[in-house]
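Please open the model in a viewer and keep the sequence beside it.

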Amino acid sequence: MPKIAFWQGNMGIAMGAIAAGCRFFGGYPITPSTEIAEAMAEELPRLGGKFIQMEDEIAGIAAAIGASIAGVKSMTATSGPGFSLKQENLGLAYMAEIPLVVVDVMRGGPSTGLPTKISQQDVMQARWGSHGDHGTIAYAPSSVQECYEITVEAFNMAERFRQPVLIMNDEVLGHMREKVIVPEDDSLVLVDRKRPTVSPDEFVPYRADEQDDIPPMAGMGDGYRWHVTGLTHNDWGFPTNNAAEIEKKMLRLMRKIDRFRDDIVKYDTESVKDADVLVLSYGSVARTALSAVRMARKKGIKVGHFRPVTLWPFPDKELEAIASRVKTILVPELNCGQMVLEVERVVGKERVVRQNLVNGELFKPAEILSKIEEVA
Amino acid sequence: MPREEVMKWLRARFFPHIWCPGCGHGVIMHALLRSLTALDKKPEETVIASGIGCSSRMPGYINACTVHTTHGRSLGFATGIKLAKPELTVIDVMGDGDCTAIGGNHFIHACRRNIGITAIVMNNNIYGMTGGQASPTTPPGAKATTAPYGAIDPPFDICNLAAGAGATYVARATIAQPAMCEQYIKKGIQHKGFSVIEIVTHCHTQFGRKNKRSSPVDNLNFFKQASVAKAKADQMSPEELVGKIITGEFVNKDIPEYTEQYDKLIAKVRG
């Protein structure tokens with residue numbers, strides 16, 4: 001029987017991680033993400049897992065990557081300044097292809113900004129925050145139910161694609177409590193990283209399989225010897241300055257995500273079939289925007305809603321198919337205009353209207369409704 | 001030529017190594033490999049982590065489970081590996097800048113936590129890989145590209161730092177005493193808890209040429225002449241110890257190791 005729970009979004013993420021098989025958490029306290037660390041500190045030892053509060057944000061992600069290298073599904077969680085601090089080691093996990101889930105519960109920035117107030121100011125940092133090119137998988141849940149389910153999926157994607165996966169939660173959803181239907185553990189589909197099938201003597205640690213561009217990964221201590229490095233490396237995992245080897249590695253890092261983009265992309269729509277106006281929003285804002293869309297429908301305005309669940313990869317061709325039929329696309333965001341840049345890339349600037357709020361508050365439905373009425 | 005069982009630990013495929021001819025890091029790697037061989041460690045159950053710098057390239061040449069991470073952060077990664085799989089032997093090789101500058105916070109907390117990792121700190125008093133900049137162990141008055149008129153800031157004593165932060169085995173040798181290096185590394189690996197072995201070495205290329213020790217032999221002679229065993233140093237005045245390198249064991253104590261404590265906590269929680 002599924003269980004009914006009443007959880008905060010942050011708790012939904014922690015419990016989703018546990019259900020996904022996460023057995024290691026390395027972290028550091030920071031508002032508004034701390035509840036995730038606290039929940040993991042309580043739950044993991046009961047399951048024989050390990051939680052460690054490290055000396056700083058940098059060490060928190062380092063320990064989580066280390067545990068994953070040793071073969072254990074791992075997570076770290078943070079907010080704003082902590083997300084900035086984690087960017088360097090996040091890059092190492094991209095380069096060395098280490099599965100990991102990183103949660104950022106977004107608060108207002110820049111700098112210390114607004115520790116207890118909502119924003120969506122980190123969504124471009126999710127894509128471009130760590131130096132160098134890499135594919136990105138980043139989710140923006142908008143209900144506690146989704147916090148739980150997305151976290152399970154994030155672990156599955158991290159394991160499948162051998163790279164960090166980001167969950168871009170926000171302060172309101174992180175702290176809001178609502179009902180969650182918790183599925184039974186055995187009903188969940190869980191993915192584990194592909195393990196080598198060859199003997200340790202034949203193991204070439206970064207030789208990718210042709211069918212998916214992903215190299216099988218051995219856990220340290222499983223009988224295989226291999227070298228992990230943040231330096232650009234060849235199939236042996238050893239640093240290279242050879243142009244062909246460099247290009248092979250870099251293009252594969254991008255391609256392993258691009259090729260399976262359709263398996264990763266997630267989005268949601270409502271009332272889009274006959275819509276003249278399309279509202280695109282994500283995270284907590286999508287809840288407000290959907291209320292506004294439903295209110296506008298009652299007033300006879302032909303408006304629909306598009307919600308990217310994966311911010312990265314952005315559901316561009318799915319948006320394009322719907323947007324081709326609408327006159328205006330309204331993009332309310334709790335930043336000065338970030339995901340709207342993706343929308344403009346897809347549909348052009350002419351039909352796109354921005355609605356931005358950076359005062360630490362969440363939009364009110366009436367504010368989005370009046371903007372819909374203005375552009376309809 | 002190293003013994004055959006030592007050669008088995010090398011990834012000859014990755015040679016030639018990046019170190020300058022005459023670099024002291026080879027002496028340290030050899031001492032580490034002799035220690036692992038003497039202790040009958042299995043390469044597939046031995047993790048060697050590092051950060052960034054000349055010294056941090058060492059794991060790449062060792063045919064074990066090796067992890068070359070980000071500058072200063074290797075102890076964070078090593079902590080995650082050790083905690084996830086306490087049965088593994090985990091060694092972290094670092095340089096002086098890696099360990100005590102950018103990685104200083106991680107270093108003191110690894111000491112405090114007393115997790116079963118052996119840190120080998122190769123102290124050559126300089127940033128070698130980036131071309132000879134001053135480090136937290138550059139002696140006062142010594143020249144570096146970022147201290148062209150001589151360093152004026154007081155240096156860290158790595159062993160005092162480790163002892164103060166709570167490391168439970170702390171020792172120092174120089175590369176002029178390779179048998180002592182091996183002895184302390186072996187004891188560090190066997191020790192339950194966080195062990196720190198500082199090995200004073202040289203960078204004749206970057207430090208030596210600016211500080212009148214430009215050949216490897218000059219440096220070895222300097223280490224021989226400047227080394228003072230701890231027992232003797234204890235009888236000497238601070239004035240007599242200026243410019244000396246005190247070798248020996250500074251800490252060797254038995255307090256509960258972190259991953260063992262963690263396993264006890266799990267057992268308690270699970271009843």
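Two strands are said to pair if DSSP finds at least two bridges between them; helices (H or I, at least four residues) and strands (E, at least two) are DSSP runs numbered from the N terminus. This is a predicted model, in which local features need pLDDT of at least 70 and side-chain atom pairs count only at pLDDT 80 or more, while totals for chains, interfaces and linings use all residues. Residues are numbered from 1 along each chain as its sequence is written, and chains are lettered from A in the order in which they are written.

**Strands.** Select β10(A) and strand β2 (residues 65–68) of chain B: they pair in the parallel sense over three bridges. Within β2(B), B:Val67 is the bridge partner of A:Val228.

**Helices.** Next, select helix α3 (residues 57–69) of chain A and helix α3 (residues 74–84) of chain B, which pack with their axes 6 Å apart at an angle of about 45°. Axes here are lines fitted to C-alpha atoms, for helices over the stretch in contact, and angles run from 0 to 180 degrees between N-to-C directions. α3(A) is therefore oblique to α3(B); angles under 35 degrees count as roughly parallel, over 145 as roughly antiparallel, 65 to 115 as roughly perpendicular and the rest as oblique.

**Whole interface.** Finally, display the contact between the chains, which takes 38 residues from chain A and 36 residues from chain B (two residues are in contact if their C-beta atoms, placed from the backbone, lie within 7 Å). On the side of chain A that touches chain B, α3(A) gives the most, with nine residues.
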